[in-house]
Every structure is written in C-alpha cells, then in structure tokens.
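Welcome, and please open the structure in your viewer. We will go from stop to stop, selecting a few residues each time.

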Amino acid sequence: MNKHTSVLFDLDGTLLDTANDLGEALNYVLKNKGLKPVDREKYRPIASDGAKGLLELGFGERLSEFDFDALRLEFLNYYEQNIAIHTNLYPKIEKLLFTLNEINIPWGIVTNKPEYLSKILVPKFPQFDQCRALIAGDTLPQRKPHPAPILFACKEMGSDPEKCIYVGDAPRDIEAGNRANMYTIIAQWGYILDINECKHWQADAMTSNPLDILATIK
C-alpha cells in the first residue's frame, strides 16, 4: 500500500512560474501612474503574494496616495488579458504530473489566486488536463492558511486528507497543510526569498527537485 494516495499543489511558484506575467501587470500599473518599474529580481520573490503584495512592493510608501481597489482592478484586468505570455511549468513538473497520472495517484490544485483567473490560466496547460480538483482563493469563504480549501479539495478527489501530500512554496501553504493533518513538502524551486527561513515553517520535508515527491508515494 502506498504511504500517500493523493497529492495537492499550490499553483503560483509551485506548478507554474507566473512571476514575469504578474510583474508585467505591476509595471503596467506603475507606468500608468508615472512611477518607476520594478526590476525582475525584486518582484519575483513577492509573486506568491498576488496583487496586494506586488502593489505594496511597487508603490511602497506612496500606496496611500491612490485608491487601492482601483489599482488592484487595473492590475487584475491587465493580468487577465496577458495571463500566460511568460508563464511556464517549472522544470520536471510535467514529468511529475505524467508519472502521477500513470500510477493512478489523483492530484489537484489549491491556490489563493482568484477563481476566475485560475479557471483561465489552468486550461492553457494541457499537462493539467487530469487535475481532479481546482480550489481557488475565493471558492470558499476561507483561504489558505485556513485548512478548509485543502480539505474541500480532498473531498472532491475522494481522498483521505491524512494520506494526502500538500506541496507549496509559502508559509501559508505549509500551515494549511499541517492544520489539515497532511504531509507537507516545501517547493524550494518557488518564490522563496530566504531558503534558510524554510526550516521554521514546520514542513515534513523540502526539496529542490519536484521528482523527489514520487519517493513519498511509492
């Protein structure tokens, strides 16, 4: 019997490298307001924090001078129209998902990305065709680090949470997985500013190679 019988993934920074498209949306908004763009190396570690985190990064102390809701809407509208121009699967993710499908391990996605954007982005990648659950940041009243979205995804897949793995690249991912009594793995290839901080997240494991996840289910 396999030790773990299903896998759930975060999306941005775990399955997909979306940072450059998110950064382009930020810089579009900044340009429209006459402000300087943010360099790629500065916005990439913040990409997992979505529109709020990126706008806070880009506008800094000047954020209070603007209507935040209007900025967020402008950001999201641009991002929606340019959602997968520079976005790619991380290396070895395609092989990982192919192998999970081959050995009949159900897998799904739990993200804090808005549902309407998730449902636009995910179908653009045929590698996600066998995704069994897609739970977004506003699918339920709660979002990560609350465990409810992860538990809901398990229910959709017909999986036992205690036999499920959750993989993510942010503290909220690991906290949500731990609170759901899942086996948690840190995706070190994602948007992590300081790898040394990962040891404080209380994950069960961490790896820089997505294929290492297979060792926990074989």
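Start with helix 5 (residues 93–102), where Ile93, Leu96, Leu97, Thr99, Leu100 and Asn101 are buried. Buried means under 20% relative accessible area, exposed means over 50%, and partly exposed is in between (1.4 Å probe, protein chains only). Helices (H or I, at least four residues) and strands (E, at least two) are DSSP runs, numbered from the N terminus. Before you go on, note that this is a predicted model: local features need pLDDT of at least 70, side-chain atom pairs count only at pLDDT 80 or more, and totals for chains, interfaces and linings use all residues. Residues are numbered from 1 along each chain as its sequence is written, and side-chain values use heavy atoms, with hydrogens and water left out.

Contact here means heavy atoms within 4.5 Å. Helix 5 lies across strand 1 and strand 4, running at about 150° to strand 1. These angles run from 0 to 180 degrees between N-to-C directions, with axes fitted to C-alpha atoms, for helices over the stretch in contact. After helix 5 comes asparagine 104, whose phi is positive, near 60°.

Six of them form an open sheet in the order 5-4-1-6-7-8, with parallel pairing. Two strands pair if DSSP finds at least two bridges between them. Strand 5 (134–135) and strand 8 (205–207) stand at the edges with a single partner strand each, so one side of each has no neighbour in the sheet.

Step across to strand 6 (residues 164–168) and strand 7 (residues 183–187), which run parallel and are joined by four bridges. Isoleucine 165 has tyrosine 183 in strand 7 as its bridge partner. Helix 8 (residues 171–179) packs on the sheet, touching strand 6 and strand 7, and its direction makes about 170° with that of strand 7.

**The core**

Which residues have the most contacts inside the largest nonpolar core? Select Phe9, Phe75, Leu100, Phe128 and Val167; the core has 49 residues. A nonpolar core is a set of buried Ala, Val, Leu, Ile, Met, Phe, Trp, Tyr and Cys residues joined through side-chain atoms within 4.5 Å. Helix 1 (residues 19–32) gives the most to this core, with six residues. Apart from it lies another core of 13 residues, including Val110, Ile150, Cys154 and Ala180.

Next, find threonine 18 in the loop between strand 2 (16–17) and helix 1. Threonine 18 counts as buried, at 0% relative accessibility. Leaving out residues up to four places away in sequence, threonine 18 touches Asp12, Tyr79, Thr87, Leu121 and Tyr191.

**Charged pairs**

Finish with the salt bridges, of which the structure holds 10. Each is a side-chain nitrogen of Lys or Arg within 4 Å of a carboxyl oxygen of Asp or Glu. Glutamate 56 and lysine 52 meet in one of them (2.6 Å, N to O), and both lie in helix 3 (residues 50–59), four residues apart. Last, select Asp10, Lys144 and Asp173, which are linked in a network of salt bridges.
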